[in-house]
Amino acid sequence: RRSPVTVYSVYEPPSEAKDLVERADKLAFVKEGFSWPALFVPLLWLLYYRMWIEFIVLVLVYVALPLVFGTDTQGQTLTTWASLAISLLFAFEANDLRAASLERRGYRLAGVASGRDRTEAERSFFTAWLPQQARAARAGERGQAPRRETEAVPPVSRGEGEDVIGLFPQA
């Protein structure tokens, strides 16, 4: 039985690296879909990825819940259920929020990778990406401007040209 395939969006930082190895090391692989760590420790997950704005918003939401529902027994029960619902919703959206955070910091989509695990996805991405970067570097040495086609996937911002809604292709 084959294990399911995981898809990653690969983002490249805006700063130019001095060599290809450093550039490859700075790529950010963002898993598509549900995030288990974000479900169980959402605030720590946000701190780990340095998503300060999202961290502040989530803290304010968690602080506001007891103020909205009250501190009596029924209010505490509603606060608990609302906290669980918010945590579950956050876990579904966490990786998309991370991608948006990277784009806000100037990262651009460099490509998409897939594999049974992250290691396999990285291997498949670099197998295609490294030769393309070498061709682009050779073209640059010859004085030619590197063409956009040398990238793994043309950069698009999230939401543009997407033919998929959730997990299902658009009809």
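Which residues are buried in H6? Select Ala121, Phe125, Phe126, Trp129, Gln132, Gln133, Ala136 and Ala139: these are buried, where buried means under 20% relative accessible area, exposed over 50% and partly exposed in between, with a 1.4 Å probe and protein chains only.

Before going on, note that this is a predicted model, in which local features need pLDDT of at least 70 and side-chain atom pairs count only at pLDDT 80 or more, while totals for chains, interfaces and linings use all residues. Residues are numbered from 1 along each chain as its sequence is written, and side-chain values use heavy atoms, leaving out hydrogens and water.

**Stop 1: helix H6**

Select residues 118-141, which are helix H6. Helices (H or I, at least four residues) and strands (E, at least two) are DSSP runs, numbered from the N terminus. The 24 residues of H6 should span 34 Å at 1.5 Å a residue, and the end C-alpha atoms are 33 Å apart, which agrees. The expected span is 1.5 Å times one less than the number of residues.

Now centre the view on phenylalanine 126, where H6 has a kink of about 30 degrees. The bend at a residue is the angle between axes fitted to the seven residues ending there and the seven starting there.

Contact here means heavy atoms within 4.5 Å.

**Stop 2: the aromatic rings**

Show the side chains of Tyr8, Phe29, Phe125, Phe126 and Trp129, which form one aromatic cluster. Rings of Phe, Tyr and Trp (its six-membered ring) pair if their centres lie within 6.5 Å; planes under 30 degrees apart count as stacked, over 60 as edge-to-face and the rest as tilted. The whole structure holds 12 aromatic pairs. In one of them, phenylalanine 125 and phenylalanine 126, the ring centres are 5.4 Å apart and the planes stand at 70 degrees, so the pair is edge-to-face. For phenylalanine 125 and tryptophan 129, the centres are 5.8 Å apart and the planes at 25 degrees, so this pair is stacked. Phenylalanine 125 and tryptophan 129 are four residues apart in helix H6, about one turn of the helix. An α-helix has 3.6 residues a turn, so residues three or four places apart point the same way.

**Stop 3: the sheet**

Select E1, E2 and E3: they make an open sheet in the order E2-E1-E3, with antiparallel pairing. E2 and E3 are at the edges with a single partner strand each, so one side of each has no neighbour in the sheet. Neighbouring strands are turned by 30 degrees against each other on average, direction ignored. Two strands pair if DSSP finds at least two bridges between them; E1 and E2 are joined by four. Look at tyrosine 11, whose bridge partner in E2 is alanine 28.

H5 packs on the sheet, touching E1 and E2, and its direction makes about 150 degrees with that of E2. H6 lies across E1, E2 and E3, at about 125 degrees to E3. Axes are lines fitted to C-alpha atoms, for helices over the stretch in contact, and angles run from 0 to 180 degrees between N-to-C directions.

**Stop 4**

Select asparagine 95 in helix H5 (residues 73-104). Asparagine 95 is buried, with a relative accessible area of 7%. Leaving aside residues up to four places away in sequence, asparagine 95 touches Val30, Lys31, Gly33, Phe34, Ser35 and Trp45.

Finish at serine 101, also placed in H5. Serine 101 counts as buried at 2% relative accessibility. Its C-alpha atom is separated by 6.8 Å from that of methionine 51, 50 residues apart along the chain.
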